[in-house]
Amino acid sequence: MVFFYPIIFLIFIGFVIRVAARVCKKSLIDIIITAYVVFCGSVIFTGFVLSEVNKINDRRFWAWGVFIPTFIFYILFAKFFARDRRENFTFFEIIGSRIQLVWNWFGGLSLFLKFVFGGLFLTFAIVEITNLLLIFYTPPNEWDSMTGHLNRLLYYLDHGTMAHFGGTNWNIDTYPKSICTIQIYNYLMSGKIENWFKAIHHSAYLIVGFGAFGIARSLSNNFSAGVFCALVIWLLPNVLMQSVTTETDIVLASYLTCLVYFLFTYREKLWRRYLYLAGMTFGIALGHKITFLFSFPPLFFIVLYTVFYEENWNKVINIKNPSFNPQKQYVKITDNTSIFWLIFARFKHLFVGLLIGVCLFTLPTGYLKNIQVYKHPIGPPTALKHQSVERAGTIKNLIIQGSRNVIRYTIDIVNLDGLRNWNTGEAINDLMKKPLIKLEKKTPLRLEETTDFTIIPFTYHKRFEFFNANPSWGVFGFAFILPLIFLVLIGFIRKGIGYYILGIAFLLHFLALSFTAAYDPWKGRYMISTAVYAVPFLSLLFTNWNFSSLKFSFQKVYVGIVVFVGTLSAILAVYLNERCLPLAAMGRTAAFDTERVAFQTWARPDITPAYQKFNEIVPQNATVAVATINDDYEYPLWGNKLTRKLIVVNPFEKGVQPMPKNTQYLFFAKSVIKPLKGDIRLGTDTTLTNLIVKGEDYYLRKLN
């Protein structure tokens, strides 16, 4: 029985790929992206159902339950949504042909491009193998997961349901729960291997690259451009950072990538199945995280372009017209009736797809429960005041401070992220920023001095923890992406309306980040979604300049330097990632050699001795009442194999509750419960300074 559930899991993966291949065009990227969406949608829907019947912790129901929505998806697309199927192929046929295609493509590249792509491929291979080893052999240790994201999974498994119960951290109950279903499914089907909580996040990392390839290929019709965009987005420092964590932003970016890909593919093929896939993906994305709202304005323009705009309606109508006469090139339209009904048909299919997606994947995710409990879909007033637009106060102040944030985040992009993890790289980065700082000081902006509408004040010299754990795009961003977007928007580069639309989408998403919440140096993680709109602009390098000739050119030198610095930055981003070091560095041991509790509390070293002592005293199967505060780590308390049982006795903003029966220990913060004689002080190091958040003074009480 040890291998039974993993085998069922693999069978389900095969079934999902088979279903995807039946509704896709003849494209490996199309199959991969569709299979990803079908997998996520099937697991999410199954999880919502199992939660309602208190069986979310029973892998017997998971094992077979996920096949049902996948089969329904197949029936719907085979019989209704994808009746315009025009291609027949097998998945293995596609794999074989694409391997041959890549081999022939690389062999036909010029010497310069062989060096460029060879360096990118080699760098990707190094960081990917390294990150996979880190995922397989190190436990999770990301801050928000220790307080909320992963912590709540274990409470849900313990309760058998994802129903609201009143956790210590407000996001345990209020964050959307669709991602939890996927993590729980992967965990249970793997045989309760903790590291499988990270599987969906690394899968999302890969999907972001595949999607970037598809979008760029659709825009440019250039294979080299698509491969370049995929490799670059895989090597962006902020994308690399989340590929080994359980942060939620990279998963949102993967959904957004799939959605944009489906819309551009619809424009290319005009197959209505892609409108339904887009609608389904929209519902999954909105059910994943409320920050998907940032993409509403960008997606509005993308939908207008990909679904409702045509350069030649005559051509489209003739393609749709079964009585089309090939002897006549196009039928002349004498009125707008045909155009109106065609637009209406597209709107109908898109609307139905959106309706299905929202009903199945958004409404059950927790927003309605938040409205019922907190009178707001996001959460309690405390959280809104801390993180939302409400922190700005008046509209006038929002406009002023939001404008400052636009400049702050732009400056955050103009950094050698990844490379600056190395002392020499940081020195070069400081030197590079000096003209920018000097220029800003001559203006009345006062970006550092003004702290209104900031969570942590902006500074040109951010803490190492900030740019190390949550960097931005690095050299690829300010040396390639931003200049290309600028040249397109001012009309210097003209390569079709699709680039203008993506440029508008990039601007709108960037403005949304700046105006909808206070400045936060951790926002590099949100820029992963912004990159979905921005990275396809790199395809212009291959449509505007010729790198195939043997002649020397400035463009080749510039591209070569940026690619070299970018690949070096990617390697340093991974190998000097303080959160998860592959090798000993910066006075720390390698992640593989670090004791579990010390590894999970790396960002809060003052609490490490307290948690280590707790782990030594309390048996791994004990029942522990937990009286901590909102920002305290709870995940490490579950034990080495996640076998302890935790009971919350200080739920968010409700005060200390009566002690549950049959509880063996009480773990508490001195600020929550007053210690009594006989309680064990666990030993928080209160002498440490320069901490991001100072830890509580923890105690342990033996109850039974």
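**Entry 1: a buried pair.** I started with Glu 310 and Arg 346, and both are buried. This is a predicted model, so I read everything below as such. The two side chains meet in a salt bridge, 3.2 Å from N to O. I then checked where they sit: Glu 310 is in the loop between α16 (296-308) and α17 (313-320), while Arg 346 belongs to helix α18 (residues 337-362). The pair links distant parts of the chain, 36 residues apart.

**Entry 2: the whole count.** How many salt bridges does a search of the whole structure find? I got 17. I picked out a few to look at.

**Entry 3: Glu 194 and Arg 596.** These two form a salt bridge, and I have the closest N and O atoms at 2.8 Å apart. Glu 194 lies in the loop between α10 and α11 (199-220) and Arg 596 in helix α29 (residues 596-600), so this bridge ties together parts 402 residues apart in sequence. Buried or exposed, I asked of Glu 194? Its relative accessibility is 11%, so I put it down as buried. Arg 596 has a relative accessible area of 16% and is buried as well.

**Entry 4: Arg 525 and Asp 249.** Here I noted another salt bridge, with the closest N and O atoms 3.5 Å apart. Arg 525 comes from the loop between α25 (497-515) and α26 (527-534), and Asp 249 from helix α14 (residues 249-269), so parts 276 residues apart in sequence are tied together. For burial, I wrote down 12% relative accessible area for Arg 525, which is buried. Asp 249 is buried too, at 3%.

**Entry 5: a network.** Which residues are linked in a network of salt bridges? I listed Glu 440, Lys 441, Glu 448 and Glu 449.

**Entry 6: two helices.** Last, I turned to helix α8 (residues 151-159) and helix α10 (residues 178-189), which pack at an angle of about 70° with axes 10 Å apart. Angles of 65 to 115 degrees count as roughly perpendicular, so I can call α8 roughly perpendicular to α10. From α8, I found Arg 152, Leu 153, Tyr 156 and Leu 157 in the contact. On the α10 side, the contact is made by Ile 179, Cys 180, Gln 183, Ile 184, Tyr 187 and Leu 188. Sorting the contact by class, I get 8 nonpolar residues, 1 polar and 1 charged.

How values were computed:
Residues are numbered from 1 along each chain as its sequence is written. This is a predicted model: local features need pLDDT of at least 70, side-chain atom pairs count only at pLDDT 80 or more; totals for chains, interfaces and linings use all residues. Side-chain values use heavy atoms; hydrogens and water are left out. Axes are lines fitted to C-alpha atoms, for helices over the stretch in contact, and angles run from 0 to 180 degrees between N-to-C directions. Helices (H or I, at least four residues) and strands (E, at least two) are DSSP runs, numbered from the N terminus. Angles under 35 degrees count as roughly parallel, over 145 as roughly antiparallel, 65 to 115 as roughly perpendicular and the rest as oblique. Contact means heavy atoms within 4.5 Å. Ala, Val, Leu, Ile, Met, Phe, Trp, Tyr, Cys and Pro count as nonpolar, Asp, Glu, Lys and Arg as charged, and the others, Gly among them, as polar. A salt bridge is a side-chain nitrogen of Lys or Arg within 4 Å of a carboxyl oxygen of Asp or Glu. Buried means under 20% relative accessible area, exposed over 50%, partly exposed in between (1.4 Å probe, protein chains only).
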